[in-house]
Number of protein chains: 2
Amino acid sequence: MPSRPDDDDPRLGDLSEGQILSAILARTASGSHTLLGPGDDAAVIAAPSGSVVATTDTLVHGPDFRLAWSSGFDLGWKSAAVNLADVAAMGARPTALLVALAVPRDLRLSFVADLADGLREACRALAPGCAVVGGDLTVSDVLTVAVTALGDLEGRPPVTRAGANVGDVVAVAGELGHAAHGLAVLFGRFREDDVPVPVDVRRLGSGESAAVTAQLRPSPPIGLGAVAAVSGATAMMDISDGLALDARRLAAASGVTLSLDAASLGPHPERALAGGEDHALLATFPAALLPPGFRVIGSVVAQGEESLLVDGAAVDVTGWDPYRDWDSASG
Amino acid sequence: MPSRPDDDDPRLGDLSEGQILSAILARTASGSHTLLGPGDDAAVIAAPSGSVVATTDTLVHGPDFRLAWSSGFDLGWKSAAVNLADVAAMGARPTALLVALAVPRDLRLSFVADLADGLREACRALAPGCAVVGGDLTVSDVLTVAVTALGDLEGRPPVTRAGANVGDVVAVAGELGHAAHGLAVLFGRFREDDVPVPVDVRRLGSGESAAVTAQLRPSPPIGLGAVAAVSGATAMMDISDGLALDARRLAAASGVTLSLDAASLGPHPERALAGGEDHALLATFPAALLPPGFRVIGSVVAQGEESLLVDGAAVDVTGWDPYRDWDSASG
């Protein structure tokens, strides 16, 4: 839980970089691949199989989160989770995070400490053995968290988006549309005069509460990325911008069409198709190789005019393009 | 050179993420360690010696650069250089960069294209074989470039800050105080009504011009990091916050005192001691092992009350703490 700002909780602008870093580093854990952790010019991480998977993803206040809705813990957790999912989507096991934090001077120290807790706990829950090994702290008027995640393929080739074969099944592991539902709940019920206000959980039903948690603190099935690779996944990606948009990307990279069954997409197929930020894993497998944890939602067919079909028909559902859709003036 | 904004040069807010990424990716080169480059959930980089060096450093508009003074090319170059220096300071050879870019909607596409050019050319000039392998693009009111650099130790142990031995020589490779001099020139001569204005090179002498270039587009001696490690450096770091502050950090980590000779610090020892952002390499060696490219500036002595001495006396020169010193209101 976030600490309450008060006089014992200094603003970052009143502290030196060293004081802030000390508070953060006191919250980090050691990872099983960490050969040299924070404190030097760079970290050193084991890459036992001779290559390293690397990805970076940034959360910016405004388009990606609101401080009225997200605690420091939530923000740390989510910034870890979205990056861990990208490593998992290659079939790799996450080994390390680096965190570039740009923070306003009036932010409280407790917020940053909570953020470090969230990073650590997300690693512990979603990718045991992975830990924060380094980072950077700068000043900015816009709170920004840029995380880089590293991972190890354990000797396997990476599972790219490009390997889906006609006849494979299309499968997912993880939730579809929950995070978007949560965002809709937040936008619909926790704004006053169009300004975000804190979430009062007493106003939420249990389904809404789970959806809000999926939005603020997602728990994608990170460990199933390596499971899919071991099992023989032919293509994989994480669903960050909605199933419809991301399925089209996988189809295009593989030169195929993905044909999905609406009935397999849960009670709200439109929400499952359009909703982003769940970071579920979308993968294709020869049918006989489908591992536990994945559920079939369709099949790979020969490339047609449409790269995505749902119940045999084209769909008019697009995902989330933060660049086009976000208006900073609306908070 | 930066392109001129005009009607053929759209603002980023009028483009989709995919359009912007295409323009950036068209400017990236392939690296010699790149096993899988941009376009999938994550990149894969060779780590032939079984470990990977990783570091991250962020440039934020305001505290770290001004658009009035830095072109997109400058910004891309500098954001690469400062991270390459951290990899070099471990004795490693840089293999890959990941770039998290948060950009305002009214920025022109040409600026981002120039930034990609600067990243590529800095790699080519300073760390051949290293390349941008991945990144992320988000919207922010504050232009922010967070770069993560990876490197390979080629089978050597990392050179940390902690290994300096009494009797070693203290040596540097690269410039001292030039970047700070350049910043002073910019602040002193290219502001009107306290607002930064574009640099007119005709108003600069050759020394000033070189100093401004050192500030906007630094060229630290990246290749000498691996040379130092091969030669037997006992400790090393890059000088990002000024020699005085960073020498104290190395001394503290090693449990020694560094005793420097002012005469070896060039014509402006105070500037060399206080000035940050040169990203020169500071290293200690057994005297017989000093490699070409490094020059001796002092010696390692037993830990005393002061961690840094200059001509045998304590110095009252501190470095640059962006967190404490920057005031966003001053532009």
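Visitor: In which loop of chain A does A:Asp193 lie?
Guide: This is a predicted model, in which local features need pLDDT of at least 70 and side-chain atom pairs count only at pLDDT 80 or more, while totals for chains, interfaces and linings use all residues. Residues are numbered from 1 along each chain as its sequence is written, chains are lettered from A and ligands numbered from 1 in the order in which they are written. Helices (H or I, at least four residues) and strands (E, at least two) are DSSP runs, numbered from the N terminus. On that numbering, A:Asp193 lies in the loop between β8 (191-192) and β9 (195-196) of chain A.

Visitor: Is A:Asp193 buried or exposed, and what is its phi?
Guide: A residue is buried if 20 or more other C-beta atoms, placed from the backbone, lie within 10 Å of its own, exposed if 12 or fewer, and partly exposed in between. A:Asp193 has 5 such atoms within 10 Å and is therefore exposed. Most residues other than glycine have a negative phi. A:Asp193, which is not a glycine, has a positive phi, near 50 degrees.

Visitor: Where is B:Asp311 found, and is it buried, exposed or partly exposed?
Guide: B:Asp311 also has a positive phi, of about 50 degrees, although it is not a glycine. The residue is found in the loop between β14 (308-310) and β15 (313-314) of chain B. Because 13 other C-beta atoms lie within 10 Å, B:Asp311 is partly exposed.

Visitor: How many of the residues of α3(A) are buried?
Guide: Helix α3 of chain A, residues 109-126, has 18 residues and reaches 26 Å from its first C-alpha to its last, close to the 26 Å expected at 1.5 Å a residue, where the expected span is 1.5 Å times one less than the number of residues. This helix is largely enclosed by the rest of the structure, so the buried count among its 18 residues is 14.

Visitor: Which elements are included in what covers the buried residues of α6(A)?
Guide: In helix α6 of chain A, residues 223-231, the residues A:Leu224, A:Gly225, A:Ala226, A:Ala228 and A:Ala229 are buried. Cover is judged by contact, which holds if the C-beta atoms of two residues, placed from the backbone, lie within 7 Å. What covers these residues includes, in chain A, α2 (72-88), β4 (93-103), β7 (169-173), β10 (235-239) and β12 (280-285).

Visitor: Which strand of chain A gives the most to the side that touches chain B?
Guide: The contact takes 60 residues from chain A and 60 residues from chain B. With nine residues, the strand of chain A that gives the most to the side touching chain B is β3 (residues 51-60).

Visitor: In which sense do β2 of chain A and β3 of chain B pair?
Guide: Two strands pair if DSSP finds at least two bridges between them. A:Ala46 stands opposite B:Ser51 in β3(B). Over four bridges, strand β2 (residues 43-46) of chain A and strand β3 (residues 51-60) of chain B pair in the sense called antiparallel.

Visitor: As by what kind of axis are the two copies related?
Guide: Copies are superposed by least squares on the C-alpha atoms of residues with pLDDT of at least 70 in both. Chain A can be laid on chain B with an RMSD of 0.0 Å by a turn of 180 degrees and a shift of 0.0 Å along the axis. The two copies are therefore related as by a two-fold rotation axis.
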